[in-house]
Structure formats: structure tokens, C-alpha cells
Amino acid sequence: MNIILDAIQLSETDLSEYSVYHSSAQELYSPTAPAKPVALYGWRDRWWLYNSASQQVNLNYWLFESPDDAQTAADNGRVRLSAQSISKIGGLESIYQPVPEDESELGDIVWQAGANWLFVHGSVVVLVAEVGGKVPVETTLAIAKKIKDKLKATQ
């Protein structure tokens, strides 16, 4: 799958129902940086929903050379995406926990941490993360599905 960021990146038009304000954008390293696999390209867009800084979402996109690299980076990188962890038998684990694909309908592999969604679709890793606990899970999931729809359209 040869994808360019512009083909999958959400725009103000895509998010118009949320009255968004694009507050910032920046290039990102791989979620596993500095360890391998390294993303070919990473990008983050920060949006304010309803023109309010109190309702922010970060849309993170990482493009990898192969689906295997994307899956490895997402799985290994999820511990770096949040300082929070959960207790499990045998120790602590990332707060990003696996979600059955049929429950979220997002991608090949999906993890969830509250209202945050991390998923792999082919050779792309996407993180939809809310900031501040003010954005409901239904909203972040709907936004993640918009990205998934763009990913599917590139196939």
C-alpha cells in the first residue's frame, strides 16, 4: 500500500460537524523512536473541537514500509504513548489495551485507552488522542472512523 499523508489526513471540511480550529501541526518520530522500526513519515495535527481549547484531539499518523513494521511499531510503541499503565498479573502494561476488531471496526489491530484509539491499517499507524478528558469516546471513535474511511479509499 503506497499511501501519502494528504490522502488520509483529516481536514477542516472532514471535521466541520465539530466546528474545529486547527491549532498546530508537527512532524513526528516513530512511536518506537529511537528503536526500530522507524516510520517513513509521521505527522500530528492538533484540533480544538467546538472552537474550544478545552476539547482537543491530536490526530497522529505514521507511515511505515510494511504492515509488519506498522504492527510492530504500534504494539511496541504503545507503552511510550502514555505515561499511564495498568496493573496486570505479572506487572504493569500499557494503558492501551487490545480491542476486538469487530467492536471498533477501525483496522487490522486496535488498542484503546479511555477515549484514545490506536490502530493499524495496512502500513499506517493512527492515534486519535483526546487531551484533558473532555472529549467523549463516541466522538474520538467517530473521528477515528473518518480516518479509517480515508485509508480504505486509498486501497
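Predicted model: local features only at pLDDT ≥ 70, side-chain atom pairs only at ≥ 80, totals over all residues.
**Figure 1. Secondary structure of the protein chain.** The chain holds four helices and nine strands. Their order along the sequence is α-β-β-β-α-β-β-β-α-β-β-β-α.

**Figure 2. Overall dimensions of the protein chain.** The C-alpha trace spans about 45 × 35 × 30 Å along its principal axes. The radius of gyration is 15 Å. A compact globule of 155 residues would have a value near 15 Å, so the two agree.

**Figure 3. Packing and surface of the protein chain.** Of the 155 residues, 45% count as buried. Consider the contacts with a separation of 6 or more: residues 24 or more positions apart account for 57% of them. The accessible surface comes to about 7,900 Å². Carbon and sulfur atoms contribute 48% of that surface.

**Figure 4. Charges of the protein chain.** There are 12 positive and 19 negative charges.

Figure 5. Thr-32 sits in the loop between β1 (21-27) and β2 (41-48). Is this residue buried or exposed? Its relative accessible area is 2%. The cut-off for buried is under 20%, so Thr-32 counts as buried.

**Figure 6. Close-up of the surroundings of Thr-32.** The side chains of Thr-32 and Ser-30 are joined by a polar contact of 3.0 Å. Which residues touch Thr-32 once neighbours within four places in sequence are left aside? They are Pro-37, Ala-73, Asn-76, Gly-77 and Arg-80.

Terms used
Residues numbered from 1 in each chain as written. Heavy atoms only, no water. Helix = DSSP H or I, 4+ residues; strand = E, 2+ residues; numbered from the N terminus. Buried < 20%, exposed > 50% of the residue type's maximum accessible area, 1.4 Å probe, protein only. Polar contact = N/O pair within 3.5 Å; in protein donor to acceptor, adjacent residues only side chain to side chain. Contact = heavy atoms within 4.5 Å. Rg over C-alpha atoms; globule rule 2.2 N^0.38 Å. Areas by Shrake-Rupley, 256 points an atom, 1.4 Å probe, with all protein chains shown as cover. Lys, Arg positive; Asp, Glu negative; His and termini not counted. Charge placed at Lys NZ, Arg CZ, Asp CG, Glu CD.
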